[in-house]
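Work through the exercises below with the model open. Try each task before reading its solution.

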Amino acid sequence: MLAADKAPGDEGLAWRFEGQVQEISLHHPDLDRQSWRDVRLEAASQGRFFPRQSRWQIDAGRFGFPGLPVAVMGFVQGGEAPSGSLSFQVSDWPCSDLVGHAPGSLRGALWGLALEGRLAAAMDVTFDAADWEKLALDVRFPSLCHVTRDPEPLAADLSPLQTGAAPVSTRSDLPLSPRQPGFTPLQSIPPHVRAAFLTAEDAGFFLHHGFEPEHMRRALVHNLERGRLARGASTITQQVAKNLFLSHERTLARKLAEAVLTWRLDALVPKPRMLELYLNLVELGPGIHGVGEAARVYFGKAPEALTPLEAAHLASLPPNPRGFARRFRDGSVDEGWLARLYDLVGIMGRRGHLSPADVAAARGAKLQLRKI
């Protein structure tokens with residue numbers, strides 16, 4: 001329905017709008033590799049459009065699954081660089097209904113998950129396409145769900161994940177247990193090697209609960225600037241969840257499943273064991289997994305013998321391990337890469353992971369790599 005009406009104040013003529021959608025089908029490679037067919041979604045909104053300002057004002061909106069609506073209010077200012085402020089709110093959702101509404105591959109990834117309780121959440125977003133760095137996110141969860149049964153793959157491997165008492169069945173190809181050859185216990189990895197990975201990948205690992213909001217904001221800014229899913233915002237726990245249970249495809253469905261599994265892993269697996277899992281499964285080159293194997297391949301030594309500069313090199317590989325491995329396959333290291341490693345070593349020093357003498361020694365050293 002559309003109707004012309006005089007807006008209050010100086011904003012001029014406004015168009016009131018109201019609309020509703022009840023069932024849709026969705027298919028997009030950034031959403032899910034499986035089509036979301038005949039998804040029962042409900043969407044409705046009431047508001048005003050001010051042509052003179054190209055401004056959409058949402059006075060009352062909602063979208064979501066039947067019985068699970070998300071309320072939305074705010075405005076979007078149109079033009080070449082849209083801006084706006086939107087508030088989303090979830091009020092008292094029944095947690096038992098959430099998994100049943102999950103479409104596409106998301107449902108398969110969370111098979112077996114059972115929840116109880118009521119979920120309440122809110123998110124405020126302020127943005128300006130002329131400067132995405134100003135993007136502001138504020139996410140709150142006044143009430144969370146309680147798990148009565150974990151997803152099947154996680155439940156089946158819970159004891160091996162927590163203690164390493166047996167191989168992790170979902171990734172039996174990786175050395176994640178002392179019973180497997182090639183496994184590197186956390187205590188065999190020097191503190192400066194652990195610190196290099198924490199500094200490069202997830203400085204707040206021991207403080208957060210599986211997610212780092214500022215990482216998420218920066219990744220969202222990066223993706224909005226490029227108009228595609230070009231970067232993730234994965235903490236160490238998220239990377240463990242993805243590598244153990246999910247594919248590496250860049251889709252919204254995979255990220256949603258990853259978020260649920262990360263939430264559960266953070267609650268169930270002790271932080272030291274989580275770090276141990278990560279340092280044994282992280283990909284550091286083509287077919288090279290874990291710090292132990294990478295130390296032997298790149299430097300011909302055990303991880304206990306890695307220098308701070310060598311540790312910085314390994315910790316800098318995860319964003320693009322296969323690409324970086326090709327860059328150094330002849331054993332040579334360019335000055336640009338060395339500068340990157342020196343910067344990481346400096347950050348480690350400022351955060352108290354290395355002494356000033358260790359920082360100076362690392363910055364005065366050259367990197368000797370083996371040919372691979």
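**Exercise 1.** Which residues in α10 meet which residues in α12?

Solution. This is a predicted model: local features need pLDDT of at least 70, side-chain atom pairs count only at pLDDT 80 or more, and totals for chains, interfaces and linings use all residues. Residues are numbered from 1 along each chain as its sequence is written, and side-chain values use heavy atoms, with hydrogens and water left out.

Step 1. Apply the contact rule: heavy atoms within 4.5 Å. From α10, take Pro 308, Leu 309, Ala 312, His 313 and Ala 315. They meet Trp 337, Leu 338, Leu 341, Tyr 342, Leu 344 and Val 345 in α12.

Step 2. Sort these residues. Ten are nonpolar, one is polar and none is charged. (Nonpolar: Ala, Val, Leu, Ile, Met, Phe, Trp, Tyr, Cys and Pro; charged: Asp, Glu, Lys and Arg; polar: the others, Gly among them.)

**Exercise 2.** Describe how α4 and α8 pack.

Solution. Step 1. Two packed helices are described by the angle between their axes and the distance between the axes. Helix α4 covers residues 191–201 and helix α8 residues 271–281. Their axes lie 12 Å apart, at an angle of about 90 degrees.

Step 1. Classify the angle. Helix α4 is therefore roughly perpendicular to α8 (65 to 115 degrees).

Step 2. List the contacts. Arg 194, Phe 197, Leu 198 and Glu 201 in α4 meet Leu 275, Tyr 278 and Leu 279 in α8. Five of these residues are nonpolar, none is polar and two are charged.

**Exercise 3.** Which residue pairs with Arg 217 in a salt bridge?

Solution. Step 1. Use the rule: a side-chain nitrogen of Lys or Arg within 4 Å of a carboxyl oxygen of Asp or Glu. The count comes to 16 salt bridges.

Step 1. Find the partner. Arg 217 bridges to Glu 133, with the closest N and O atoms 3.9 Å apart.

Step 2. Arg 217 sits in helix α5, and Glu 133 in the loop between β10 (118–128) and β11. The pair links distant parts of the chain, 84 residues apart.

Technical notes
Helices (H or I, at least four residues) and strands (E, at least two) are DSSP runs, numbered from the N terminus. Axes are lines fitted to C-alpha atoms, for helices over the stretch in contact, and angles run from 0 to 180 degrees between N-to-C directions. Angles under 35 degrees count as roughly parallel, over 145 as roughly antiparallel, 65 to 115 as roughly perpendicular and the rest as oblique.
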